[in-house]
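Work through the exercises below with the sequence and the 3D view open. Each task is followed by a solution in steps.

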Amino acid sequence: MASISSLISPPGLPNPAKLSLTLQSKLFLQILQPTTNPFANLPQNLLLNSRPKKVRLFAVAEEQTSVVSSPSSEAARRLYIGNIPRTVNNDELTKIVEEHGAVEKAEVMYDKYSGRSRRFAFVTMKTVEDANAAIEKLNGTEIGRREIKVNITEKPLPQVDLSLLQDEDSQFVDSPHKVYVGNLAKTITTDTLKKFFSEKGKVLSAKVSRVPGTSKSGGFGFVTFSSEEEVEAAISAFNNSLLEGQQVRVNKA
C-alpha cells in the first residue's frame with residue numbers, strides 16, 4: 001500500500017514543505033540582496049531637489065560674513081586717543097569726547113605694576129559717524145597742554161608699493177653706533193621712527209624691518225647714530241616710552 005506521503009507527493013516531485021521553505025529562502029535573499037538600484041525609477045526632479053539645505057547654509061554663511069565686515073562693527077567705531085595727561089580718568093575722558101558724539105565706553109590704560117596712566121586710552125563710539133566726528137574735532141587738539149592724537153584703532157593700512165620699500169631699505173645708512181627698537185605698532189613707518197628719535201638728538205638713519213616680500217611691519221626697527229654717546233642718550237630717553245600707543249623697547253643692536 002502506498003504511504004500517505006507518497007500520495008501527497010508523487011515520485012519525482014519535491015516535498016511541498018521543502019518547496020515552500022526553498023521559495024521563502026530565495027525570496028528572503030532577494031530582499032537582502034537587491035540586484036537593481038532602488039532609486040532607478042524615481043523622477044529626476046526628486047533627486048535634484050535633495051540638496052536645498054547645502055545651498056541655504058552657504059547663503060547664511062555669506063550673510064554672516066557681510067555682518068562681520070560691516071562698517072558699523074565695533075572696530076570701525078573704536079578710537080585710540082594718545083598723549084593724554086596722566087590725571088585724566090575714564091569719566092573725564094568720556095565728558096571730553098561726548099561733546100562731539102555719543103560715547104559707548106571709554107577706557108584709560110594703566111600700568112599694572114605702578115597703577116599710573118599710560119597716557120593713552122580707547123573710546124568706543126555709538127556709530128561710525130560719531131567716531132569720524134570725534135577724530136575731526138579732537139585730533140591735534142590739547143588736553144592739559146598736551147597735544148592728543150585721535151584715530152581709528154583698526155583702520156586698514158594703505159597699499160604700499162614694494163619697490164618704494166626696497167628703495168627705502170637701500171637708503172639706510174648702517175653704523176656701529178646703532179639701537180634696536182622693538183614692539184613697534186604696525187602703523188609705524190621709517191619716517192615716523194626717524195622723527196621720533198630725532199626729538200632728542202641727531203639721527204643718522206632709521207628703518208622699520210618688514211616681512212620679506214610684503215609691506216607688513218615686522219614689529220621692530222633700527223636707528224643709527226654717529227657716536228656711542230648718542231646711542232646711550234637714545235636708550236636713556238626712549239626705552240619703555242610710548243610710540244603710537246605701544247611701549248617700545250630700545251637697546252643696543
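**Exercise 1: a ring pair between helices**

Phe-238 has a relative accessibility of 4%, so this residue counts as buried. Keep in mind that the model is predicted.

Task: Describe the aromatic pair that Phe-196 and Phe-238 form.

Solution. 
- Step 1. Take the geometry. The ring centres are 4.8 Å apart, with 50° between the planes.
- Step 2. Classify. Stacked needs under 30 degrees and edge-to-face over 60, and this pair is tilted.
- Step 3. Check the partner. Phe-196 has a relative accessible area of 11%, so Phe-196 is buried too.

**Exercise 2: rings on strands**

Task: Find which residues form a cluster through ring pairs, and which charged end sits over the ring of Phe-122.

Solution. 
- Step 1. The whole structure holds 9 aromatic pairs. One of them is Tyr-80 with Phe-120, tilted, at 5.9 Å centre to centre and 40° between the planes.
- Step 2. Tyr-80 belongs to strand 1 and Phe-120 to strand 3, so their pair ties together parts 40 residues apart in sequence.
- Step 3. Ring pairs join Tyr-80, Phe-120 and Phe-122 into a cluster.
- Step 4. Arg-78 places its charged end over the Phe-122 ring, 4.2 Å from the centre.

**Exercise 3: the largest pocket**

Task: State the volume of the largest pocket and the helix that gives the most to its lining.

Solution. 
- Step 1. The volume is about 860 Å³.
- Step 2. Among the 33 lining residues, Phe-196 is one of the closest to the centre.
- Step 3. Helix 8 gives the most, with 4 residues.
- Step 4. The lining divides into 8 nonpolar, 12 polar and 13 charged residues.

Conventions: Residues numbered from 1 in each chain as written. Predicted model: local features only at pLDDT ≥ 70, side-chain atom pairs only at ≥ 80, totals over all residues. Heavy atoms only, no water. 1 Å grid on protein atoms, 1.4 Å probe; cavity = no way out; pocket = protein on both sides within 12 Å on 5 of 7 lines; lining within 4 Å. Points joined across faces, edges and corners; volume = space filled by probe spheres on them. Helix = DSSP H or I, 4+ residues; strand = E, 2+ residues; numbered from the N terminus. Nonpolar A, V, L, I, M, F, W, Y, C, P; charged D, E, K, R; others polar. Phe/Tyr/Trp six-rings, centres within 6.5 Å; stacked < 30°, edge-to-face > 60°. Buried < 20%, exposed > 50% of the residue type's maximum accessible area, 1.4 Å probe, protein only. Lys NZ or Arg CZ within 6 Å of the ring centre and 35° of its normal.
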